[in-house]
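Biologist: Please show me the model and take my questions one by one.

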Amino acid sequence: MPATVELRGRAAAPGLARGPVHRIVDIADLQRQSGTPGDERIALESAIETATADLATLIADASSDGADILEFQVAMLEDEALREPALVSIDSGADAASAWSATVAEQIAIYRAGDDSYFSARASDLEDLRDRVLSHLLGAGAQQDIQPGAILIGRDLTPSRFLAIDWSKGGAIALSDGSPSSHVAMLARSRGVPMTVGLGRIPAATFAEAIVDGERGRLLLDPAADDVASYTAALGEAATRVAQEAVVLKQAAMTRDRQPVAVLINVAEPEELNTIDPAICDGIGLVRTEFLFDRPGGLPDEETQYRAYAHIMQWAAGRPVTIRTIDAGGDKPVPGLTQDGETNPFLGMRGIRLSLAKPDIFGVQLRALARAAVHGDLRIMLPMITVPEEITAAAALLDAAVAQLQAENVSAKRPKLGIMVEVPAVAIVPELFKEAAFFSIGSNDLTQYVTASARDNAAVADLNDAGHPAVRAMIAHVAKTGRALNIDVSLCGDMGGDPRHLPVLIAAGLRSVSVAPPLVGRVKLALRDIDGGPSA
Ligand code: PEP
Ligand code: MG
């Protein structure tokens, strides 16, 4: 038996997994031999037909919301206006894949250029369709079928592809590129999917099985018997730790010297809550609402948003729930909302900047949030605040939304309005942001802006270190200022879920963290070994 191939990268989501290898195929890397125009026509027609059949199967399994989206995609695929130009271009010599890509690209550009954001957002459906047809055309159709429990290996993985995979039966991710602070790594942590990134070149040979060690950032391809034995032993240790965590999971968190610490959870999609017992946490410290906006089907209307927020409030049963307004942009593009072609998206129109530039879309979200607020203790949080005027402007829009709902006799409540502290301009002078009802430190973005190293770039991942003294100093300053001004301060970046950073956060006086749900037990356990001391 050939020796194990071992690759070392960076840990991105904790956990261990062993399973069959599934290579993530990048459609852009695939090629096929083209034939005569007649052959190419047949190839395209048949790829479209197979894609339509895939969608019909998916519709049969989908919920009513999902089925609507898929039916819209089928209608698009059946529309002559989409396939005709591709066939014309095949007749004049283009191969089927290029003809299809170019035709769909033109349509995407038309959708994106539209004035109506809701219409533009449907461009993501076209992107889905383009890739679905191309994957059949290029012989990667089977790539859509991922065996439960598979270890996904490839260059990178998009958040939408991650979300389309059923992780309930296990599985893991190992990427040659990627970064632990990327959006998809955050999703993996929140779903408990072990993930390792920055592994460098992964050999092209065929491997049947792999082990991913998301704790130490390792990938073992075709592991030998002794590797499997160490994996089994490590699983045993992990099970012991999980058992220790289970003991404290529903207990109130406190430091060794019995100072209480609130431990809340971060939620990236409401479905996550279905398997979580609310008793393990003190509430939800961050709901990332991007989940609603980057799904196929376009921008969500008020009713869709209200239903999603109300579902979360019902789950929380009176515990505080902080819902963040859409933080599109940066590493989270949303068709119809974010701008294409920005030279530096992380420093561009993202978060609150985009929301204030699109008051119609922002207003719909604020209305839905004010309606959901009647179901419990809902707080609204604004991302990427940089100047106090942004809070004033958002507060005015929220007041207007509440007044409008009241005028329409729709039941609603005006939630507290707080801010993310993730831009250094706020962390340095938090006292200028007194209008905020609370501060929540976003250590992921704060770290990337303070260290000038992008959160999604493997090459600078070592510099993107939340433990940098400058990041720590800013966190301590925000915590101290919050205490002085009587403004609640919490931390909802990934630093809060990492036991290595907890002593620093506690020493800074923080007594509230919000972490990925699978990390709650680990955090509660780690806090028991840390002294709070006299600072808080
Ligand atoms: C952060 O920046 O720390 C944060 C919590 O927000 P996100 O990771 O969604 O940007
Ligand atoms: Mg952020």
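Predicted model: local features only at pLDDT ≥ 70, side-chain atom pairs only at ≥ 80, totals over all residues.

Modeller: Residues are numbered from 1 along each chain as its sequence is written, chains are lettered from A and ligands numbered from 1 in the order in which they are written, and side-chain values use heavy atoms, with hydrogens and water left out.

Biologist: How is the chain divided into domains?

Modeller: The bounds come from an automatic or database domain assignment. Domain 1 is 1-20 + 149-158 + 176-248. The others are domain 2 (25-143) and domain 3 (249-527).

Biologist: How many residues does the contact take from domain 2 and from domain 3?

Modeller: The centres of domain 2 and domain 3, taken over C-alpha atoms, are 36 Å apart. Contact means heavy atoms within 4.5 Å. By that rule, domain 2 gives 13 residues and domain 3 gives 13 residues.

Biologist: What area is buried between domain 2 and domain 3?

Modeller: Buried area is the accessible area (1.4 Å probe) that two parts lose on being put together, summed over both. Carbon and sulfur atoms give 57% of it here. The total for domain 2 and domain 3 is about 1000 Å².

Biologist: Which element gives the most to the side of domain 2 that touches domain 3?

Modeller: Helices (H or I, at least four residues) and strands (E, at least two) are DSSP runs, numbered from the N terminus. The elements that give two or more residues to this side of domain 2 are α2 (64-78), α5 (117-120) and α6 (123-137). With 4 residues, the top contributor is α6.

Biologist: How many salt bridges does the rule find across the interface of domain 2 and domain 3?

Modeller: A salt bridge is a side-chain nitrogen of Lys or Arg within 4 Å of a carboxyl oxygen of Asp or Glu. The structure holds 30 of them. Across the interface of domain 2 and domain 3, the count is 0.

Biologist: How far apart in sequence are the parts that the pair Arg350 and Asp327 ties together?

Modeller: The side chains of Arg350 and Asp327 meet in a salt bridge at 3.1 Å, N to O. Both residues lie in the loop between β11 (321-324) and α12 (352-357), so the pair ties together parts separated in sequence by 23 residues.

Biologist: Which residues are joined into one network by salt bridges that share partners?

Modeller: Arg350 and Asp327 are both buried. Salt bridges with shared partners extend from this pair to a network. Its members are Glu290, Arg324, Asp327, Arg350, Asp445 and Arg455.

Biologist: Where does Ala452 lie?

Modeller: Phi of Ala452 is near 50°, a positive value in a residue other than glycine. Ala452 is exposed, with a relative accessible area of 70%. Its place is the loop between α16 (443-450) and α17 (469-485).

Biologist: With which side chain does the side chain of Thr451 make a polar contact?

Modeller: A polar contact is a pair of N or O atoms within 3.5 Å; within protein, one must be able to donate a hydrogen and the other to accept it, and residues adjacent in sequence count only if both atoms are side-chain atoms. Thr451 counts as buried, at 16% relative accessibility. The side chain of Thr451 reaches the backbone oxygen of Thr447 at 2.6 Å. The side-chain partner, also at 2.6 Å, is Ser453.

Biologist: What covers the buried residues of helix α19?

Modeller: In α19 (residues 520-527), 7 of 8 residues are buried. Among them are Val520, Val523 and Leu527. The cover includes α9 (225-249), β9 (262-267), α18 (502-507) and β16 (512-515).

How values were computed: Buried < 20%, exposed > 50% of the residue type's maximum accessible area, 1.4 Å probe, protein only.
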